[in-house]
Amino acid sequence: MSKPLPWFRAYTEMVDDEKLRLLAFEDRWHFVALLCLKGQGVLDETGPLLFRKVAVKLGLDVRSVEEVARRLSEVGLIDEKTLQPIAWEARQFRSDSSAARVAAYRERKKQGAKRDGNVTVTAQDTDTDTDKEEEKKEELPRKRSNTFVVPDWINKTHWDAWHSCAKRKNASDAQKQMAVDKLDAWRQQGIDHAAALENAAIAGWQGLFKPDVPAAAMTPGRRSAGGQHKYAAAAATIFGNHNDSETIDV
């Protein structure tokens with residue numbers, strides 16, 4: 001038995017194929033079933049048990065299988081003696097086996113890369129289009145999975161808008177959790193955490209800022225080494241609270 005294929009190519013022109021339209025409906029299915037058995041490798045077996053095995057697969061007796069084979073061979077779809085589909089090799093391709101194709105690609109990549117001093121020479125890929133598609137899949141970077149769950153008390157629209165800005169879109173789950181913890185702490189303190197998130201989303205800030213701090217004091221990355229923003233003193237004078245410039249830059 002040849003190596004089985006998990007699937008085979010079926011062409012859309014089948015519905016208009018003259019040979020198939022000459023058959024009764026049940027024989028059209030019998031032909032499709034024989035294609036499946038060909039893909040499984042059953043028809044590649046030799047010996048007197050072939051027709052009995054096919055009969056078991058099709059749910060028929062051996063005599064009925066012989067009649068099916070006669071009718072299908074009359075319109076030129078199969079060989080009556082071997083049950084082999086006539087145009088199988090022209091319609092199917094060995095490279096359709098995904099596992100074999102991936103293994104072959106990896107082996108070519110391994111054998112084709114040769115080092116000559118500091119120069120790397122890669123063998124040219126001359127395989128089929130299906131091989132090239134598999135190669136692209138191998139080389140595509142894996143996307144970051146979006147598994148972080150935003151608490152119900154956070155406005156998800158504002159949260160998503162905040163994380164769509166350039167400085168936040170690559171935030172890790174750990175960084176997102178830090179932001180949630182800060183918003184939760186502000187919420188417990190009675191601070192308008194929703195306004196803080198909305199302001200950050202609208203302005204595209206990287207960090208979170210208490211909503212009563214002037215916009216000039218919220219610009220991320222402008223704080224001094226001591227943690228005091230150059231506008232913090234002015235903000236404290238205006239609002240009378242030195243702690244209102246607290247930020248989280250995650």
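1. Basis of the description. The model is predicted, with local features requiring pLDDT of at least 70 and side-chain atom pairs counting only at pLDDT 80 or more, while totals for chains, interfaces and linings use all residues. Residues are numbered from 1 along each chain as its sequence is written, and side-chain values use heavy atoms, with hydrogens and water left out.

2. Overall make-up. The protein has 11 helices and four strands; helices (H or I, at least four residues) and strands (E, at least two) are DSSP runs, numbered from the N terminus. Of the 250 residues in the protein, 33% are buried, where buried means under 20% relative accessible area, exposed over 50%, and partly exposed in between (1.4 Å probe, protein chains only). Among the contacts in the protein with a separation of 6 or more, 58% are between residues 24 or more positions apart; a contact means heavy atoms within 4.5 Å.

3. Helices H2 and H3. Helix H2 (residues 25–40) packs against helix H3 (residues 50–58) at an angle of about 120°, and their axes are 11 Å apart. H2 is therefore oblique to H3. Axes are lines fitted to C-alpha atoms, for helices over the stretch in contact, and angles run from 0 to 180 degrees between N-to-C directions. Angles under 35 degrees count as roughly parallel, over 145 as roughly antiparallel, 65 to 115 as roughly perpendicular and the rest as oblique. The crossing of H2 and H3 is right-handed; a crossing is right-handed if the near helix is turned clockwise from the far one by less than a right angle, and left-handed if anticlockwise. On the H2 side, His-30, Ala-33, Leu-34, Leu-37 and Gln-40 meet Val-54, Lys-57 and Leu-58 of H3. The residues of this contact divide into five nonpolar, two polar and one charged, with Ala, Val, Leu, Ile, Met, Phe, Trp, Tyr, Cys and Pro counted as nonpolar, Asp, Glu, Lys and Arg as charged, and the others, Gly among them, as polar.

4. Helices H8 and H9. The angle between H8 and H9 is about 135°, with their axes 13 Å apart. H8 is therefore oblique to H9, and the crossing of the two is right-handed. Trp-159, Trp-162 and His-163 of H8 make the contact with Lys-176, Ala-179, Val-180 and Leu-183 of H9. The residues in this contact of H8 with H9 comprise five nonpolar, one polar and one charged.

5. Aromatic pairs. Rings of Phe, Tyr and Trp (its six-membered ring) pair if their centres lie within 6.5 Å; planes under 30 degrees apart count as stacked, over 60 as edge-to-face and the rest as tilted. By this rule there are four aromatic pairs. Phe-8 and Trp-88 form a tilted pair, 6.2 Å centre to centre with 50° between the planes. This pair links distant parts of the chain, 80 residues apart: Phe-8 is in the segment before helix H1 (18–21) and Trp-88 in helix H5 (residues 88–91). Both Phe-8 and Trp-88 are buried. Phe-148 and Trp-159 form a stacked pair, 6.0 Å centre to centre with 10° between the planes. Phe-148 lies in the loop between helix H7 (129–139) and H8, and Trp-159 in helix H8, so the pair ties together parts 11 residues apart in sequence.

6. Helix H10. The buried residues of H10 (residues 193–203) are His-193, Ala-195, Ala-196, Leu-197, Ala-200 and Ala-201. These residues pack against helix H8 (156–163), helix H9 (173–188) and strand E3 (208–209). Just after H10, Gly-204 takes a positive phi of about 70°.
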